[in-house]
Amino acid sequence: MINIKEAVDSFTSWQEELYVHLHQHPELSMQEKETCDTIDAELTRLGYATQRIGGGVVGVLENGEGPAVLFRADIDGLPVKEATGLEYASTQTRTDADGNEVPAMHACGHDFHISCALGAARIFAENREAWAGTYIALFQPGEETAAGARSMVADGLVDKIPAPDVALGQHVLAGPMRAGQVGTHAGAILSTGASVKVTLHGKGSHGSMPHLSIDPVVLAAAVVTRLQSVVAREINPFKMAVLTVGSIHAGSKSNIIPDTATLLINIRAYDMDVREQLLDGIKRTITAECEAARAPQAPEFEIYDSYPLTNNDDATTAKVTQAFLAHFGEERVMDCGEVSASEDFSVIPDAFGIPYTYWGFGGFAEGAPTYPNHNPAFGPVLQPTLATGTEAAAVAALAWLARD
């Protein structure tokens with residue numbers, strides 16, 4: 001048997017230095033070259049056979065006959081200017097997909113995910129006598145744009161690595177777990193989500209001559225108000241649904257009525273049927289409002305950043321939960337419930353047709369100021385967060401790989 005806590009304690013300095021480096025050098029989605037280079041070098045040093053697939057890195061460690069376990073970590077940062085006040089805060093700027101120079105930060109904790117996954121990979125590499133089978137360490141790009149998992153699958157992931165029997169993943173969160181705690185949940189744990197870009201068409205005019213226009217600003221205002229009834233009056237109140245208009249853009253000057261207005265809408269649900277209800281309600285409502293406003297052409301809809309439902313397998317989740325209880329104790333393991341954020345993790349196990357489970361671990365101490373993921377001040381406490389995530393990753397995989 002591996003003493004997981006002792007194993008993690010033995011490489012604390014290495015892991016914390018690695019984490020600080022990653023935190024200070026975030027890269028945006030599908031641009032994670034330096035990050036992949038760091039991961040690849042660490043895995044190679046540990047004896048893993050590595051491949052670059054679809055913008056990510058996969059390391060495979062074969063250790064005799066037995067199950068194959070895939071552990072996935074996402075690796076991209078966000079275009080956020082860090083305001084954590086940490087001495088190792090990121091000061092990086094990166095070029096985004098539109099060619100703009102933007103600040104970059106690991107505002108969703110993917111630096112923890114990488115560091116914990118590499119820590120777990122080290123445990124398996126240095127303790128081969130205690131387990132049997134195949135351990136697959138997969139580092140996925142582009143989670144924040146829902147592009148990375150699909151990119152790896154499209155690049156032949158299923159045919160390029162040994163077929164896993166189960167897939168595992170985790171995320172550092174602001175709550176309900178505190179630092180040092182883990183939280184599992186059977187069934188739907190993360191919502192399905194999508195964004196919709198809507199272009200409304202009007203007829204421009206001088207601001208003093210509104211009667212000669214078809215004003216897309218007024219149309220946009222009506223659309224935003226009307227969309228509130230989709231969730232309030234069309235979705236079963238016992239079903240979770242979120243519809244948020246996060247951006248409206250129209251015009252450039254006070255005395256010019258523009259030709260178009262653009263809305264950016266985001267939806268979340270724990271049920272694929274509800275997701276379709278939301279998308280149908282958006283299209284139907286906006287189309288009707290455009291007709292009522294005498295818009296010169298139909299609205300345009302572009303769906304992007306589309307995330308699947310993360311729906312944990314019951315038996316797999318129960319097995320991991322029991323392993324966590326045995327390792328951490330009851331006081332450090334909880335049911336985290338459903339989380340309204342979304343993930344593309346499940347694209348990978350779905351491509352293999354295998355069960356999976358995904359859990360959370362806490363990043364903020366009890367009583368400490370807490371900031372949500374994607375906030376500029378999101379700075380989980382280094383320890384025990386790093387150790388907890390590493391232990392959880394190893395303990396979960398050993399539920400399948402440990403020798404009897």
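Select strand E10, residues 192-201: 6 bridges join it to E15, and the two run antiparallel. Strands here are DSSP runs (E, at least two residues; helices are H or I, at least four), numbered from the N terminus. Within this pair, Ser-195 stands opposite Tyr-304 in E15.

The model is predicted, so local features need pLDDT of at least 70 and side-chain atom pairs pLDDT 80 or more, while totals for chains, interfaces and linings use all residues. Residues are numbered from 1 along each chain as its sequence is written, and side-chain values use heavy atoms, without hydrogens or water.

Next, show the whole sheet. It is open, with 4 strands in the order E12-E14-E10-E15 and antiparallel pairing (two strands pair if DSSP finds at least two bridges between them). E12 (241-250) and E15 (300-307) are the edge strands; each has a single partner, so one side of each lacks a neighbour in the sheet. From one strand to the next, the twist averages 15 degrees.

H7 (residues 216-234) lies across E10, E12 and E14 (260-269), at about 175 degrees to E12. H8 (residues 272-292) lies across E10, E12, E14 and E15, at about 160 degrees to E14. Axes are lines fitted to C-alpha atoms, for helices over the stretch in contact, and angles run from 0 to 180 degrees between N-to-C directions.

Finally, select Phe-124. Leaving aside neighbours within four places in sequence, its contacts (heavy atoms within 4.5 Å) include Tyr-48, Trp-131, Tyr-135 and Leu-398.
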